[in-house]
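The model shown here is predicted.

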Amino acid sequence: ASPCEAAPAIDAELAAELGGERAGADGEGGAAVAGDGKSTLDLLCRVAADRVELPLDTVTADTHPLDDLHLSSITVGQLVND
């Protein structure tokens, strides 16, 4: 079994800490959306931009963390874990 299947649901307090008031689904294939309407991808881009100290608009869905941001695979794993 995947460890992701055993992950606890995100509660309101954690979602607020991560940037939204609550977590939900967008109804389009189950992509997570924070209470403020931002997607999980937006949240991940923000966390990555904070980690590499770049403006948010420079980290997009097309950015390759290992090549473009020169992050190690361990750092990428930590970002996803965060």
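The text below takes the helix pair and then turns to a pocket.

Two packed helices are described by the angle between their axes and the distance between the axes. In this predicted model, helix α2 covers residues 40-52 and helix α3 covers residues 73-81. Their axes lie 10 Å apart, and the packing angle is about 130°. Angles from 65 to 115 degrees count as roughly perpendicular and those over 145 as roughly antiparallel; α2 and α3 are therefore oblique to each other. The crossing of α2 past α3 is right-handed.

Which residues in α2 and α3 meet? On the α2 side they are L44, V47, A48 and R51, and on the α3 side T75, Q78, L79 and V80. Sorted by class, this contact of α2 with α3 consists of 5 nonpolar, 2 polar and 1 charged residues.

The second largest pocket holds about 180 Å³ of space. It is lined by 14 residues, of which L44, A48, V59, T63 and P65 are the closest to its centre. Both helices take part in this lining: α2 and α3 each supply at least two residues. The largest share, 4 residues, is that of α2. In the lining of the second largest pocket, 12 residues are nonpolar and 2 are polar, with no charged residues.

How values were computed: Residues numbered from 1 in each chain as written. Predicted model: local features only at pLDDT ≥ 70, side-chain atom pairs only at ≥ 80, totals over all residues. Heavy atoms only, no water. Axes fitted to C-alpha atoms, helices over the stretch in contact; angles between N-to-C directions. Parallel < 35°, antiparallel > 145°, perpendicular 65-115°, else oblique. Left-handed = near helix turned anticlockwise from the far one by under 90°. Contact = heavy atoms within 4.5 Å. Nonpolar A, V, L, I, M, F, W, Y, C, P; charged D, E, K, R; others polar. 1 Å grid on protein atoms, 1.4 Å probe; cavity = no way out; pocket = protein on both sides within 12 Å on 5 of 7 lines; lining within 4 Å. Points joined across faces, edges and corners; volume = space filled by probe spheres on them.
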